[in-house]
Amino acid sequence: MNVFLTKVATYLMGFSGILADGDWKDRLEGTQWAWVVDIVSAIDTLLYPLLIVVGAAGTIYAVVIGVNMARADSTEKREEAKKRLINVIVGLAIIIALILFFKLFISVIVPAFVPESTETTPVA
């Protein structure tokens, strides 16, 4: 088991050099792809506030559904509220996981699509 964990840790640590690489932004300046840097910066800036809003809204909605489940008159309504609550929790977990995925790996995803040598012709 220790060998497996060591291999996983080594593999993940290999990303540290890529995550710290800001060279792709320099390669795009003055090219036709310079707008990509602005979009990535905007997305990177907006992801944490979006995470806060989605988490808060999902939590409030889950509490409302939980209260409706507790106040349900019949077993049928209680089961329906239970299904809704499970769907809300699963959906919220997926959305939060995707936001964190994009926040953590946007600096790896975008450079993968940036060509190594870009032409230096400015945009007209």
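Guide: From the N terminus on, the elements run α-α-α-α-α, which amounts to five helices and zero strands. Helices (H or I, at least four residues) and strands (E, at least two) are DSSP runs, numbered from the N terminus. This is a predicted model, in which local features need pLDDT of at least 70 and side-chain atom pairs count only at pLDDT 80 or more, while totals for chains, interfaces and linings use all residues. Residues are numbered from 1 along each chain as its sequence is written, and side-chain values use heavy atoms, with hydrogens and water left out.

Visitor: How many salt bridges does the structure hold?

Guide: A salt bridge is a side-chain nitrogen of Lys or Arg within 4 Å of a carboxyl oxygen of Asp or Glu. The structure holds one, in which the side chains of K103 and D44 meet (2.9 Å, N to O). K103 lies in helix α5 (residues 75-113) and D44 in helix α4 (residues 35-70), so the pair ties together parts that are 59 residues apart in sequence.

Visitor: Against which helices do the buried residues of α4 pack?

Guide: Contact means heavy atoms within 4.5 Å. The buried residues of α4, among them V36, L47 and I65, pack against α3 (23-28) and α5.

Definitions and conventions
Buried < 20%, exposed > 50% of the residue type's maximum accessible area, 1.4 Å probe, protein only.
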